[in-house]
Amino acid sequence: MTTPRPTWHTALDKAARDQRLSPADGAALFACDDLPTLAAAAHAARLRRARADVATYVVDRNINYTNVCTEYCTFCAFYRPVGHAESYVLSREELFQKIQETLDLGGTGVLMQGGLHPGLKIEWYEDLLRSIKKRFTIHLHCFSSPEILNIAEVSGLTLRDTIARLRDAGLDSIPGGGAEILDDRTRSRVSRLKCSTDEWLEVHRVAHSLGMRTTATMMFGCGETLEERVHHLEVVRRLQRETGGFTAFIPWTFQRENTALGRSVRQEATAVEYLKTLAVSRLYLEEILNVQASWVTQGLKLCQVALRFGGNDVGSIMIEENVVSAAGARHRATEEELRRIIRDAGFIPRQRDTLYRTYFLN
């Protein structure tokens, strides 16, 4: 006797009872055509898992230390090949100036990422991290999985030794960049030369085993199937159950302007699709406490609505951002604007640090 396929009604009933959803349940939720009911379920789960009266934000800066990259991802408008006239590696003086500006604005951390540079070995990164920590008291949330794998490869090191050396030099935590869609069919299409799903997961698994916290991300709307989107959530959830090392899940939509992939993906994900994906993420990832709403790709108004679709954090004021803006996302926000949309959504705004500790009382 075959087991009947779940409907979104039965999946929501399981979620309301805090039962673990199956991939079939996740697919059923994506088929839900009752957006208010889905929102209510995701919001109820958010209230159970995160502080009910608060929504958080962080003051930090994205620093892209180089745009040199050998991977040529079709969704990226930021990278430049080796030797290109527009390629760069930031000098220490430029980096220090950006960090000082961040601290002057009340920032507590920097998110530093770059391309996969074939000529920068681990000694360059160790010197960079140590030089920053020598001058500044600031949290360093740096280097995506593909970057760390690239550092290990060009340096002739194991993954574990690479992450341990970066940690000992001053790396505090690792961002979830480079995930895109964690399904190798889609990865082979949009980022053929970049790491596989298993390799991305292994970077985070090793980092967690070394006592580091990381985030998980998903860039969707790049031509993947809904089943592949669910698979992404499933593999993230499995690793969280194994290690407990993810602090947050951050989904955002593919931005198509100026990208090669944009020639085949003609329409970006809609607002409804974004809200639905955020809500399903909250319901599916029951062991990840924080789900971040994106104003950078969605704008402030939709980000505010997302706080009622499972989101409990609105990310950073983004003092600087170069990657998704190169692909067409040019929204900007001040700290007071983020605090206002949080208040008007019915929550108390709280500034947090990179590790989602809310100890700022302003």
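I began with helix H15 (residues 335-344), which lies across E1, E9 and E10 and runs at about 165 degrees to E1. For contact I took heavy atoms within 4.5 Å; axes are lines fitted to C-alpha atoms, for helices over the stretch in contact, with angles from 0 to 180 degrees between N-to-C directions. Helices (H or I, at least four residues) and strands (E, at least two) are DSSP runs, numbered from the N terminus. The model is a predicted one, in which local features need pLDDT of at least 70 and side-chain atom pairs count only at pLDDT 80 or more, whereas totals for chains, interfaces and linings use all residues. Residues are numbered from 1 along each chain as its sequence is written, and side-chain values use heavy atoms, with hydrogens and water left out.

I then looked up the sheet itself, an open one of 3 strands in the order E9-E1-E10 with parallel pairing, where two strands pair if DSSP finds at least two bridges between them. Strand E9 (313-316) and strand E10 (348-352) are the edge strands, each pairing on one side only. On average, neighbouring strands of this sheet are turned by 25 degrees against each other, direction ignored.

**Strand E1**

How many bridges join E1 to E10? I find 5, with the two strands running parallel, and Val54 stands opposite Ile348 in E10. Towards E9, strand E1 (residues 54-58) has 2 bridges, again parallel; here Thr56 stands opposite Asp313, and the bridge partner of Val58 is Ser316.

I next checked burial, taking buried as under 20% relative accessible area, exposed as over 50% and partly exposed as in between (1.4 Å probe, protein chains only). Because 5 of the 5 residues of E1 are buried, this strand is largely enclosed by the rest of the structure. Both of its faces are covered, with Val54, Thr56 and Val58 buried on one side and Ala55 and Tyr57 buried on the other.

I turned to strand E6 (residues 213-220), which is mostly covered, as 7 of its 8 residues are buried. Strand E5 (residues 173-174) is joined to E6 by 2 bridges and runs parallel to it, and Thr214 in E6 is the bridge partner of Ile174. Between E6 and strand E7 (residues 246-253), also parallel, I find 6 bridges, and in E7 the bridge partner of Thr217 is Ile250. From E6 the chain crosses through helix H10 (residues 226-243) to E7 in a right-handed β-α-β crossover, meaning that, with the strands pointing away from the viewer, the path from the first strand over the helix to the second runs clockwise.

**Nonpolar cores**

Which residues touch the most other members of the largest nonpolar core? They are Leu29, Leu283 and Leu338, in a core of 64 residues; such a core is a set of buried Ala, Val, Leu, Ile, Met, Phe, Trp, Tyr and Cys residues joined through side-chain atoms within 4.5 Å. Helix H11 (residues 271-284) gives the most to this core, with 7 residues. Apart from it lies another core of 33 residues, among them Ile63, Tyr125, Leu128 and Leu171.

I also listed the contacts of Leu338, which, not counting residues up to four places away in sequence, touches Tyr57, Trp295, Leu300, Val314, Gly315, Ser316, Ile317 and Ala333.

**Leu157**

Leu157 has its place in the loop between helix H6 (145-155) and helix H7 (159-169). I note that it counts as partly exposed because its relative accessibility is 25%. Leaving aside residues up to four places away in sequence, Leu157 touches Ile122, Ala152, Thr162 and Arg165. The C-alpha atoms of Leu157 and Ile122 are separated by 9.0 Å, although these residues lie 35 apart along the chain.

**Cysteines and whole-chain totals**

I searched the whole structure for disulfides, defined as pairs of cysteine sulfur atoms within 2.5 Å, and the result is 0. Cys195 is buried, with a relative accessible area of 9%, and Cys303 also counts as buried, at 0% relative accessibility.

Among contacts between residues at least 6 apart in sequence, 74% join residues at least 24 apart.
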